[in-house]
Amino acid sequence: MAEFAGAFAASHGPLLVREWESIPADQKQRLTRAFQELGKRMSAARPDVLVTVSPDHWANFFLDNYPAVCIGVGETNEGPPEPWMKAYPHQKLAGHAAFAMHVAEEALRQGFEPSISHRLKLDHGTCIPLWRMQLAKMPALVPMLVNSIEPPMPSLARCLEWGKLLRKAIESFPGNLRVGILATGGLSHSIGEKTMGAIHEDFDRETIKRFSSSEKSLVDYLSQELPSRGNGSEEVRNWLVAHGAAGGRGFDLVDYLPVPAVIVGCGFASWG
Amino acid sequence: MRDYWLSKLFFDLQQPALAAEFKANRDSVLARYSLSPEVQDAIRENNAPFLAERTNAYLLRYYFFTIGLKDAEFIQRLRGG
């Protein structure tokens, strides 16, 4: 049977690439260190497969059909389509069709209804953390795209349940695989709205604290606060998936720093 | 509220070839989308608050980036400045 190799989370944002050189040196150093520490922890966990949990930033889906959750079941995933990501070293990223299809089938058996795609483009949301983590060996990627950018979005409780389902799917897969989870996005940021640029450090720090308390406390807090903490903060859903997969415990903060130059409260964490 | 065709324009402009055409001949590209005169005017005037009410915030940011506005100027426009 496959086994759970660990869960990880990292922020993303276009300016981590486009404006990298304008980030103050001390913050750049901390960001570099945090990404690399996460990469080190992930390498130590030796995942053969990595489920990447991220939103789709309009790379694959449009208003014609925007799924709440989509699982990438293809043998191959495409690299980032954004022109400013052209230096990203992978134009193709291997998938793991058998495990991905097992997740989709297990989901349907358990009353979840994901969309599936046999060919996904992995945009900056997935690829910036993978890039900055400097992994020596890229695991096969099974993308899980969770809508956190176009309302209505999956509920916070459902995202936790998705994580628990992922864990069950990992542990019921009949193959000798180690499977990790990488959640990307958050913490607070605001995009394309009047408050764009705002970082809510108080919200971020309280959110981090709640990851070490009960699921109810975490979900209650986020339900109350998210509507006023910037639309980008909704990406914390991906962290909830990772948290659910990790059994709701073991959250270890690698680093947190608000970075005005990239307009994101940048968080990094792992679950053992 | 979502203006489908405005959103579709912004979505399509993620393609570099269309973005280049848009920069060279904006009206020719606009004519292919079923946009109201008010929306067309808002595009020509870079009226970010008007457009923000009609499309997804991320698509709006991509659009202003595509036409060459830095985030700082985009933020200023979003706030009506």
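Biologist: In this predicted model, which residues touch the most other members of the largest nonpolar core?

Modeller: That core has 74 residues, and those touching the most other members are A:Val53, A:Val103, A:Leu166, A:Ile181, A:Ala183, A:Val241 and A:Ala242. Helix 5 of chain A gives the most to this core, with eight residues. A second, separate core of 24 residues includes A:Trp58, B:Leu6, B:Val39 and B:Phe74.

Biologist: Which residues are in contact with A:Val241, leaving aside its neighbours within four places in sequence?

Modeller: They are A:Val53, A:Val146, A:Cys159, A:Trp162, A:Gly163, A:Leu166 and A:Ala183. Among the buried residues of helix 5 of chain A are A:Cys159, A:Trp162, A:Gly163 and A:Leu166.

Biologist: How do you know that the length of helix 5 of chain A agrees with its number of residues?

Modeller: The helix has 16 residues, which at 1.5 Å a residue should span 22 Å. The end C-alpha atoms of helix 5 are 23 Å apart, and the two values therefore agree.

Biologist: Why is B:Leu59 called buried?

Modeller: A residue is buried if 20 or more other C-beta atoms lie within 10 Å of its own. B:Leu59 has 25 C-beta neighbours inside 10 Å, so it counts as buried. This residue belongs to helix 6 (residues 57-66) of chain B.

Biologist: What does B:Leu59 touch, not counting residues up to four places away in sequence?

Modeller: B:Leu59 touches A:Trp58 of the other chain, together with B:Ser7, B:Phe10 and B:Phe11. The C-alpha atoms of B:Leu59 and B:Asp12 are separated by 9.9 Å, although these residues are 47 residues apart along the chain.

Biologist: How many residues of chain A are in contact with chain B?

Modeller: On the side of chain A there are 14 residues, in contact with 16 residues of chain B. The residues on the chain A side divide into seven nonpolar, four polar and three charged.

Biologist: What is the order of the strands in the open sheet of chain A?

Modeller: The eight strands have the order 6-3-7-2-8-1-10-9, with mixed pairing. Strand 6 (115-117) and strand 9 (251-259) of chain A each have a single partner strand, so they stand at the edges, with one side of each left without a neighbour in the sheet. From one strand to the next, the twist averages 20 degrees.

Biologist: How do you know in which sense strand 1 of chain A pairs with strand 10 and with strand 8 of chain A?

Modeller: Two strands pair if there are at least two bridges between them. Strand 1 (residues 3-10) and strand 10 (residues 264-271) of chain A have four bridges, in the antiparallel sense. One of the bridge pairs joins A:Ala9 to A:Ala269. With strand 8 of chain A, strand 1 pairs in the parallel sense over seven bridges, and A:Glu3 has A:Arg178 as its bridge partner there.

Biologist: Why is strand 1 of chain A described as largely enclosed?

Modeller: Six of its eight residues are buried, so strand 1 of chain A is largely enclosed by the rest of the structure.

Key: Residues are numbered from 1 along each chain as its sequence is written. Chains are lettered from A and ligands numbered from 1 in the order in which they are written. This is a predicted model: local features need pLDDT of at least 70, side-chain atom pairs count only at pLDDT 80 or more; totals for chains, interfaces and linings use all residues. Helices (H or I, at least four residues) and strands (E, at least two) are DSSP runs, numbered from the N terminus. Axes are lines fitted to C-alpha atoms, for helices over the stretch in contact, and angles run from 0 to 180 degrees between N-to-C directions. Two residues are in contact if their C-beta atoms, placed from the backbone, lie within 7 Å. Ala, Val, Leu, Ile, Met, Phe, Trp, Tyr, Cys and Pro count as nonpolar, Asp, Glu, Lys and Arg as charged, and the others, Gly among them, as polar. A nonpolar core is a set of buried Ala, Val, Leu, Ile, Met, Phe, Trp, Tyr and Cys residues joined through C-beta atoms within 7 Å. A residue is buried if 20 or more other C-beta atoms lie within 10 Å of its own, exposed if 12 or fewer, and partly exposed in between; C-beta atoms are placed from the backbone. The expected span of a helix is 1.5 Å times one less than its number of residues.
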